[in-house]
Amino acid sequence: MSVGIDDISFYTANFSLDLQELAANNGSDAAKYTVGIGQERMSVPGADEDVVTMAANACVPLLEGMAQRGEDANAINTILFATETGIDQSKAAGVYLHSLLKLNSRCRVVELKQACYSATAALQLATAWVARKPKEKVLVVASDIARYDRQTPGEATQGCGAVAIIVSANPRLVALDAETGIHTEDVMDFWRPNYRSTALVDGKYSTKVYLRCVRSAWQDFQQQSGLQFGDFDYFCYHLPFSRMAQKAHNHLANGNAHELSAQALEDQISSSLIYNRITGNSYTAAMYIGLISLLDNTAQDLAGKRVGFFSYGSGSVGEFFTGTLVVGYQDMLHQQSHQHMLASRKPLNYANYQQMYAFEVPTDGGDHAFAEQTNGKFRLAGISQHKRLYEVR
Ligand code: CAA
């Protein structure tokens, strides 16, 4: 029996800012963004979107698919919600999600945190659970809004998005191997104290720690699995911005892939970067949106191809793991709806972006209704007496 990803879909907000527009207004050279960090646009959430609404919207295609195939949604008895944009210090965001999705009450729900890494912890925990109870399915959700202070180097790497993954026995998309390589190290490269709504980051240091971590996790992975660089066809890296993956891949290839040309190395990652370039960072969801991007944007049949994954969470924890594409995986893709969603985002001018950036959920305990901005099925309608009010559109 194999265990892994049976279905996967993502959602991003309905607004986007072109980084050329940002550059034109902050005095940067646009090429620093489009070439230097490899980003074109970033998704910007409306006032009525948060990690719960994005997660719920990401889950819609999975549940619709299960219903169409006559599969029982009650098989989902666990939700693991990964985020570093938590909305409550106590209640798990996944409990709101569980309610919006009308899932069975016989379902455990928990939230996980370790910067951008926690979705991978969730995925690994899910595979272990399914290996023990093969008839059950786990819904892994990763949802985040990447937010930095205005006029900082991090601002151009903002973005948002959510990924929903069904983990099952005999998956129809990616069969995951049990062997993984792990590296944990206590560093202050990127963090967000509880009293801040924006992240603090030691930017250049964070890129160095990322590279150190990828090398170390890879070495551990090799020891655990015996696999070599040449055993892999494609790679998906954590994507704070697309150039980071290119740096990481070259770093890993250095000394490992003497026979591969620069173009061949680029071909191993280029399709995984397409969606990130136009959505920006989505922290926990980023690497998994990279996987979806690889699958949606590769015309050739990838069945049997081996993908290497490097998940990184500042602070820091990194994990290298692998999976193989399953025959017929194309039937499970949601390519058209992803591409339609991305194409129908509303472009913002700089003034609109500034306004949307300035919005914060009120903290005064009063009753506040939020403007209807999202096109998604689920929205945050307002907040009343410190309670978030969600609705289905
Ligand atoms: N044309 C082409 N390229 C240009 C250029 C131009 N006009 N101007 C600059 N560049 C290039 C630079 O040469 C540089 O390339 P290299 O990295 O290859 O040297 C690149 O553009 C970036 O330029 P700078 O180093 O001057 O950029 P910066 O000081 O503005 O900072 C950053 C870049 C550190 C990534 C910053 O965007 C940042 O702090 N981002 C947030 C933190 C982050 O994403 N860290 C990644 C690792 S941590 C992680 O992965 C977790 C997470 O999700 C946050």
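Predicted model: local features only at pLDDT ≥ 70, side-chain atom pairs only at ≥ 80, totals over all residues.

Visitor: Okay, how many residues surround the ligand, and which are the closest?

Guide: The ligand is surrounded by 26 residues, and the closest of them are Lys 32, Ser 206, His 238, Arg 243 and Lys 247.

Visitor: What does the side chain of Lys 247 do there, say relative to an oxygen atom of the ligand?

Guide: One polar atom in the side chain of Lys 247 is placed 2.5 Å from a ligand oxygen atom. For Lys 32, a polar side-chain atom is 2.7 Å from an oxygen atom of the ligand, and for Arg 243 an N or O atom of the side chain is likewise 2.7 Å from a ligand oxygen atom.

Visitor: And how much of the ligand's accessible area does the protein cover?

Guide: On its own the ligand has 1,100 Å² of accessible area, of which the protein covers 74%. The space that the ligand takes is the second largest pocket.

Visitor: Which elements give two or more residues to the shell around the ligand?

Guide: Those elements are α2 (30–36), α6 (203–225) and α7 (242–253), with the largest share, five residues, coming from α6.

Visitor: What's the make-up of that shell by class?

Guide: Counted by class, the shell around the ligand consists of twelve nonpolar residues, nine polar residues and five charged residues.

Visitor: Changing topic, where does Gly 159 lie?

Guide: Gly 159 belongs to strand β7, which covers residues 159–169.

Visitor: Is Gly 159 buried or exposed?

Guide: Gly 159 counts as buried, because its relative accessibility is 2%, and the cut-off for buried is under 20%.

Visitor: How far apart are Gly 159 and Asn 276?

Guide: In sequence Gly 159 and Asn 276 are 117 residues apart, while in space their C-alpha atoms are 8.9 Å apart.

Visitor: Now Asp 88, please: where does that residue lie?

Guide: Asp 88 is found in the loop that runs between β4 (76–82) and α4 (93–100). With a relative accessible area of 33%, Asp 88 is partly exposed, since that class lies between the 20% and 50% cut-offs.

Visitor: Which backbone nitrogen does the side chain of Asp 88 reach?

Guide: The Asp 88 side chain reaches the backbone nitrogen of Lys 91 at 2.9 Å, and a polar atom of the Asp 88 side chain also lies 2.6 Å from the backbone nitrogen of Ser 90.

Terms used
Residues numbered from 1 in each chain as written. Heavy atoms only, no water. Near = heavy atom within 4 Å. Polar contact = N/O pair within 3.5 Å; in protein donor to acceptor, adjacent residues only side chain to side chain. Areas by Shrake-Rupley, 256 points an atom, 1.4 Å probe, with all protein chains shown as cover. 1 Å grid on protein atoms, 1.4 Å probe; cavity = no way out; pocket = protein on both sides within 12 Å on 5 of 7 lines; lining within 4 Å. Sits in = over half its atoms within 2 Å of the grid points. Helix = DSSP H or I, 4+ residues; strand = E, 2+ residues; numbered from the N terminus. Nonpolar A, V, L, I, M, F, W, Y, C, P; charged D, E, K, R; others polar. Buried < 20%, exposed > 50% of the residue type's maximum accessible area, 1.4 Å probe, protein only.
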